[in-house]
Amino acid sequence: MEKVGLPYNWVMNLALIATAILGTYYTIGLFSELGNVVEKVGAGVFIVALLFLIGIGLFPEGTDPHYYVSWGFFITGSIGLLIAGLGLWLEGRGDIGIFTVTVFVVAWILARWAFRNFEGVAIAEFIGIFGIIIWHYTVLWAKFYKTEKQRKN
């Protein structure tokens with residue numbers, strides 16, 4: 001937990017910041033692999049989400065800006081995911097488009113549930129991050145691994 005006053009909260013905070021920096025580096029490198037402008041816009045919006053993730057690490061739960069950077073991360077991460085999914089759909093990957101909308105809806109439903117059932121925003125943040133991870137690795141597999149495997153056959 002990255003909450004103020006917890007012993008060793010800096011470990012989680014530094015991990016969030018490092019993850020966001022590495023994620024930004026990765027996403028910038030991904031631009032050359034993206035097929036159309038819509039996918040690139042989605043990746044650009046996701047970079048903004050990663051900047052908010054840095055903010056979560058810099059402003060842990062219990063500080064005034066935490067609520068805003070947390071929501072900023074969740075909203076821009078979700079919107080970036082939706083835009084990139086739309087770009088993939090426009091590229092002819094309707095399956096990924098449907099998967100994207102499903103992940104988006106489920107993550108938002110679960111995050112709203114978490115806000116009602118848990119104190120603070122950490123569980124909702126985790127749900128958002130987990131949704132992004134599931135989406136990312138599914139798209140990575142479908143777009144690159146599956147495509148590469150088809151080229152070999």
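The structure holds 2 cavities of 30 Å³ or more. A cavity here is a set of points, on a 1 Å grid over the protein atoms alone, where a 1.4 Å probe fits but cannot get out. This is a predicted model, in which local features need pLDDT of at least 70 and side-chain atom pairs count only at pLDDT 80 or more, while totals for chains, interfaces and linings use all residues. Residues are numbered from 1 along each chain as its sequence is written, and side-chain values use heavy atoms, leaving out hydrogens and water.

**View 1. Helices α1 and α2, side by side.** Two packed helices are described by the angle between their axes and the distance between the axes. For α1 (residues 9-30) and α2 (residues 37-58), that's an angle of about 165 degrees, with the axes 8 Å apart. So α1 is roughly antiparallel to α2 (angles over 145 degrees get that label). Axes are lines fitted to C-alpha atoms, for helices over the stretch in contact, and angles run from 0 to 180 degrees between N-to-C directions. The helices themselves are DSSP runs (H or I, at least four residues), numbered from the N terminus. α1 and α2 cross in a left-handed way, as the near helix is turned anticlockwise from the far one by less than a right angle. Ala, Val, Leu, Ile, Met, Phe, Trp, Tyr, Cys and Pro count as nonpolar, Asp, Glu, Lys and Arg as charged, and the others, Gly among them, as polar.

**View 2. Helices α3 and α4, another pair.** Here α3 and α4 (residues 94-117) pack at about 165 degrees, with axes 7 Å apart. That makes α3 roughly antiparallel to α4, and their crossing is left-handed. Look for W71, F74 and W89 of α3 and F104, W108 and F115 of α4, which are among the residues making the contact. The tally for this contact is 15 nonpolar, 5 polar and no charged.

View 3. A pocket is an open set of points with protein on both sides within 12 Å along at least five of seven lines.

Note on methods. Helices (H or I, at least four residues) and strands (E, at least two) are DSSP runs, numbered from the N terminus. Angles under 35 degrees count as roughly parallel, over 145 as roughly antiparallel, 65 to 115 as roughly perpendicular and the rest as oblique. Contact means heavy atoms within 4.5 Å. On a 1 Å grid over the protein atoms alone, a cavity is a set of points where a 1.4 Å probe fits but cannot get out, and a pocket is an open set with protein on both sides within 12 Å along at least five of seven lines; lining residues have an atom within 4 Å of a point. Grid points are joined across faces, edges and corners, and a volume is the space filled by probe spheres set on the points.
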